[in-house]
Amino acid sequence: MRVLLIGANGYLGRFVADRLLADPAVQLTALGRGDDADVRFDLASGSPGALTRFLDAVHPGVVINCAGATRGGARDLARHNTVAVATVCEALRRSGCGARLVQIGCGAEYGPSQPGSSTAEDAVPRPGGPYGVSKLAATELVLGSGLDAVVLRVFSPAGPGTPAGSPLGRLAEAMRRAMQSGDGELKLGGLGAQRDFIDVRDVARAVHAASLSAAQGVINIGSGRAVRLRDAAAVLARVAGYGGALHELDGPPGPLRASIGHPRSEPDHAAPAAYPYPDGCGSWQQADVRTARDRLGWRPRINLEESLADIWMEAACRI
């Protein structure tokens, strides 16, 4: 099976590439903006015609799009998350390759949900910020393209390679600094939010399964369990061997709270945030993952403690 992977050098894309390369039946070609890509192409500025010619030459059976942006103003997010996907869809429509498209979406497309609830794929999306809006627009383009396509709505990825600007990445860095300086007390803000963390290697398994399946539409990829960041901090402290006290700061959003869900975006124009959570998901998010089980035969395997241990191992190397 010939697979074209877009965004192979990104956080999710690296693990998807590793998973696909481990499958002897897959012939992988990586397309992206970096020098390490097999083919350099910028979806945000490249033309659909140029991409069509490449698709006709390579003739992949599956195209996986892991490319996108989590940072930047609304204009940049729309360009990299929406316009780029429009380019992919148009190129696939023009091409004679007939490839299946696996698009990586995001749980932020749903926006805030009722605490205690699990969000299923038939929930009405109400993204609370420009990132979620740009990803939802991309999903709608894929679903309306007429292509053989599936969108995997990934909730909060965690594990090795977790970006330093993410909630768990910032948490690990704060703990590393406390241990390095011998602080017996760690003060953190924004630990009340609850998110559905899913290990990035489990995400890669889901992408692999989706590329082999005939499933279409939207499929949630998450653990199916919301975890309070305060509890994740306690687990991380145990994994790290940090014996100090953890204190949650009260008051307005602090440095950690500002990173809930995704790194804070810089607005095109200064304006108050609609929510105190930059991902626009409010205080609670939990995925209903029954569709992934039923249509992909996929279940998460790696628990949060293992994900946190891998995050800490990378942070500890900087001590």
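Q: How many residues are in the largest nonpolar core?
A: There are 34 residues in the largest nonpolar core, and Ile 64, Leu 152, Ile 221 and Leu 296 have the most contacts inside it. A nonpolar core here is a set of buried Ala, Val, Leu, Ile, Met, Phe, Trp, Tyr and Cys residues joined through side-chain atoms within 4.5 Å; buried is under 20% relative accessible area, exposed over 50%, partly exposed in between (1.4 Å probe, protein chains only).

Q: Which helix gives the largest share of this core?
A: Helix H6, residues 200–212, with seven residues. Helices (H or I, at least four residues) and strands (E, at least two) are DSSP runs, numbered from the N terminus.

Q: Quick check, what sort of model is this?
A: This is a predicted model: local features need pLDDT of at least 70, side-chain atom pairs count only at pLDDT 80 or more, and totals for chains, interfaces and linings use all residues. Residues are numbered from 1 along each chain as its sequence is written, and side-chain values use heavy atoms, leaving out hydrogens and water.

Q: OK, Val 218: buried or exposed?
A: Buried, because its relative accessibility is 12%. Val 218 sits in strand E11, residues 217–221.

Q: How far is Val 218 from Val 151?
A: They are 4.8 Å apart, C-alpha to C-alpha, and 67 residues apart in sequence.
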